[in-house]
There are 2 protein chains.
Amino acid sequence: MKIGVFGTGIVGQTLAARLVQLGHEVCMGARNSDNEKAAGFAKTHAPKGTSGTFGDAASFGELLINCTNGAGALEALKAAGDANMAGKVLIDISNPLDFSKGMPPSLLTPSTDSLGEQIQRTFPKTQVVKSLNTVTAKLMVEPASLASANHDMFMAGNDAGAKGKVKELLQSFGWRHIIDVGDITGARGLEMYLPLWVRLYGTFQTAMFNVKVTR
Amino acid sequence: MKIGVFGTGIVGQTLAARLVQLGHEVCMGARNSDNEKAAGFAKTHAPKGTSGTFGDAASFGELLINCTNGAGALEALKAAGDANMAGKVLIDISNPLDFSKGMPPSLLTPSTDSLGEQIQRTFPKTQVVKSLNTVTAKLMVEPASLASANHDMFMAGNDAGAKGKVKELLQSFGWRHIIDVGDITGARGLEMYLPLWVRLYGTFQTAMFNVKVTR
């Protein structure tokens, strides 16, 4: 599949590399076409990996993945272009964390909203699915790398068909337990979990952990 | 031990009954001394169970437990009295959930604060430990009632000695896995987890679940 990845940080690099490994064609998008980190990905992963602007990645991909920083996500997606994203599924991994005042980060959205919802409202013709934002980059694409592979991924989104596609992709990464928490307002819970995640990261001194819902 | 329980709802009733069962003397405190639900507890659990005002429960207890509704917690504790709570450990179970606009609830505190911290700031002579707020009442006191007993309780507080006492009490309930996430600012993560909890509750149509951190 042709996939557009927005963002050149550790999440974007990890996702894009794994997608190429799985046989997909991936265009990594950045603010500027001469972004060095995006060009680095393309060079390492040619010919299946390419790079360009956010708009290039958006028009290239049949499926889109937002790996940009939460604080700049809406602006990046506006640069990607509403028309380029229309009718496509967008997996939103970004977290609205504000580190500007140091640790612990606060959230950029109030508890009556979420970044996932803001993105869905801003791009109503795109099917936004919030997922993968609750684990570190390596675990997103290799959930089996934890000693116990028995842990959960969450997702939220308005469109059942879009969530079905995202579920298939997650399964191709190795996810066996995926909990659909309903429509995109579920992104609130997924994003508000992050302060606990950050705290556990500090407690364990490693990001290699996740949660399993037990019943 | 003599324990003061603030609140007469399902959490207060469940905690107080379990504490009496474990051999403790429990005074359930309410706004008014003639509160019917508190009196009901006392009648059912006499002579170890008694009831009174918030102030009565606070002066009675060597250990205190806040089971009041998050929206009224600070007011209830002020009624309990700073002097009555001074030098004592207070387990804060309350969640700052605002259901006034229906589901899903929003949080009454911004992401730069928490109810646990507000209580600690308001009562600096009391050792506040945030815990138990992340599970339903029955699981708080009977964690083994889940099919898988392998799940986690979190706690946060400034005083190591106070957390040691709380840990002992949690263990007496049956908790085997207790994660100390550090000082009272960790209450933010524990409280901001609730929107995800509420969402999972809606997904599973049962409150009988918890999370296990896997590594």
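1. In this predicted model, B:Cys27 counts as buried because 26 C-beta neighbours lie inside 10 Å, and a residue is called buried when 20 or more other C-beta atoms lie within 10 Å of its own.

2. Where along chain B is B:Cys27 found? The residue is part of strand S2 of chain B, which covers residues 25-30.

3. Leaving aside residues up to four places away in sequence, B:Cys27 touches B:Gly4, B:Thr50, B:Ser51, B:Gly52, B:Asp56, B:Ala57, B:Phe60 and B:Gly61. For one of these, B:Gly61, there is also a C-alpha separation: 7.3 Å from B:Cys27, with the two residues 34 residues apart along the chain.

4. The next topic is the contact between the chains. Chain A contributes 35 residues to the contact, and chain B contributes 35 residues. On the side of chain A that touches chain B, at least two residues each come from strand S7 (106-107), helix H9 (187-192), helix H10 (194-204) and strand S11 (210-214). H10(A) gives the most to this side, supplying seven residues.

5. What kinds of residues make up the side of chain A that touches chain B? There are 17 nonpolar, 14 polar and four charged residues.

6. Strand pairing also links the two chains: S11(A) pairs with strand S11 of chain B (residues 210-214) in the antiparallel sense, over five bridges. Within this pairing, A:Val211 stands opposite B:Val213 in S11(B). S11(A) is also among the elements that each supply at least two residues of the side of chain A that touches chain B.

Terms used. Residues are numbered from 1 along each chain as its sequence is written. Chains are lettered from A and ligands numbered from 1 in the order in which they are written. This is a predicted model: local features need pLDDT of at least 70, side-chain atom pairs count only at pLDDT 80 or more; totals for chains, interfaces and linings use all residues. Two residues are in contact if their C-beta atoms, placed from the backbone, lie within 7 Å. Helices (H or I, at least four residues) and strands (E, at least two) are DSSP runs, numbered from the N terminus. Ala, Val, Leu, Ile, Met, Phe, Trp, Tyr, Cys and Pro count as nonpolar, Asp, Glu, Lys and Arg as charged, and the others, Gly among them, as polar. Two strands pair if DSSP finds at least two bridges between them. A residue is buried if 20 or more other C-beta atoms lie within 10 Å of its own, exposed if 12 or fewer, and partly exposed in between; C-beta atoms are placed from the backbone.
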